[in-house]
Amino acid sequence: MVRPVLQVALDLTELSRAEKIAEEAVAGGADWIEIGTPLIKSEGMESVRRLRSIFPNKTLVADLKTSDTGALEVEMAAKAGANVVCVLAAADNAVISDALRGAALYGVEIMADMMNVKDPSARAEELAGLGVQIINAHVGIDQQMEGKDPLDLLDTLGKLPVKIAVAGGLNAKTAAAAAARGADIVIVGGTIIKAAEVQAATAAIRTALDNPNIEVAEKKSLDDQIRELLMTVSAPNVTDALYRKGAMAGLAERHVPHKMIGKAVTVQTFGGDWSKPVQAIDFCERGDILVINNDGKTDIAPWGELATRSAINRGVGGIVIDGAARDWDDIVTLDIPVFATAVQPNAGEPKGFGEINAEITCCGQTVRAGDWLIGDQSGVVVIPRERAYEVARRAVEVFKNEVRVREEIRRGGTLGSLAQLLRWEKK
Ligand SMILES: O=C(CO)[C@H](O)[C@H](O)COP(=O)(O)O
């Protein structure tokens, strides 16, 4: 097997941060440096020029994802110092041919990004026939969040007379799997650039590429995958992933012996009537979260210690009440998260008004049966069930990004300067 090229994708928006990360990645064994699409959009061709001056002998890849004016974009990137220019494989052949003409004039190669191509195998052959030098089996970042896998795309391509690159959320294990399947170029962004120790993260991927072993990963159910992803993040990471949405308001009373993650069983009740909340315990599967609306009343409790102990017996993952709980002295001794808007000593009568598993509003958020919840000391966030996997994946990216920013703060930076807040103020 030929030693695959490791290409680090600098998908950042600040050139100063990208330069430092590139230096660390090269020290860790990155062969090629990609000026990622966000970096080129944010900093322009200056980012290519700057990286060329820092790395006079490295292969630089300008990830322009060109979809029009092929030769013009290739010429700009080549003059700035790029050796490889990325075009969209889905672009018209007129664009590809024009880009290839520009590439021939300036002595650079064209990489075609297969993101969102309908018939990848046929299109890859066609592109190779046109003269494209590298086909990139790329699953874009938004597509990754919905579970698309670049290795599946790679498998559809078959044997081609050109170099094959792979990209899309690769880590050491999946990068090695790509190498074992014959990829010539393995492109890694997030796993390297979001690591606290970029050099070590790059070196781990380099080692895995040089010693690929094919492990068949055990296939987990979607719910298990979602739960596993959410276990690694916080409630704040999740609201960030939802673009600041999903947080429940007013849950002032919190008993959080551990993180709460699970799917909602909803309960609507009225005036502290504890019949439906208690019945709902028996509707719960292991790990489910009981989400109760007491019709906005905080002066009477539909939930208490005995219900909490019953919920533990049933394997309930936590309780959230838009309303009051009671027996708080006992509840805080129990190993189950309970969130409530108030604590009151008095309960209502068990009359049986209300509903189980109907759509409810709880602390300002709509909650349906099966929606996911995550709760920790910062509060509770609701994730719509149809977006659960995607949001969990995005939350992991938020978490990973913070790992690198935290490290840069540890080295003496400040959040304001790292994020270049002044520069990015909305004009
Ligand atoms: O082109 C890209 C996004 O459009 C990325 O550079 C590519 O997906 C690699 O980054 P990651 O490993 O984070 O997916």
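This is a predicted model: local features need pLDDT of at least 70, side-chain atom pairs count only at pLDDT 80 or more; totals for chains, interfaces and linings use all residues.
View A. Six nonpolar, eight polar and two charged residues make up the shell around the ligand. Altogether, 16 residues surround the ligand here.

**View B. The annotated span, residues 5–205.** An unreviewed UniProt entry gives this stretch the annotation "domain: Orotidine 5'-phosphate decarboxylase". Follow the chain from one end of residues 5–205 to the other, and you will find that the end C-alpha atoms lie 11 Å apart. Along the way, the span is 50% helix and 21% strand.

**View C. Domain 1 and domain 2 of the protein chain.** The domain assignment places domain 1 at residues 5–210 and domain 2 at residues 225–389. Taken over C-alpha atoms, the centres of domain 1 and domain 2 are separated by 45 Å.

**View D. Helix α4 packed with helix α5.** Two packed helices are described by the angle between their axes and the distance between the axes. For α4 (residues 70–80) and α5 (residues 93–106), the angle is about 35° and the axes are 7 Å apart. The crossing of α4 with α5 is right-handed.

**View E. Residues where α4 meets α5.** From α4, the contact takes in Gly70, Ala71, Val74, Glu75 and Ala78. These meet Val95, Ile96, Asp98, Ala99, Arg101, Gly102, Ala103 and Tyr106 in α5. By residue type, the contact of α4 with α5 divides into eight nonpolar, two polar and three charged residues.

Note on methods. Residues are numbered from 1 along each chain as its sequence is written. A residue is near a molecule or strand if its C-beta atom, placed from the backbone, lies within 6 Å of it. Ala, Val, Leu, Ile, Met, Phe, Trp, Tyr, Cys and Pro count as nonpolar, Asp, Glu, Lys and Arg as charged, and the others, Gly among them, as polar. UniProt positions are given in the numbering used here, feature names are shortened, and annotations may be inferred rather than shown by experiment. Helices (H or I, at least four residues) and strands (E, at least two) are DSSP runs, numbered from the N terminus. Domain bounds come from an automatic or database domain assignment. Axes are lines fitted to C-alpha atoms, for helices over the stretch in contact, and angles run from 0 to 180 degrees between N-to-C directions. A crossing is left-handed if the near helix is turned anticlockwise from the far one by less than a right angle, and right-handed if clockwise. Two residues are in contact if their C-beta atoms, placed from the backbone, lie within 7 Å.
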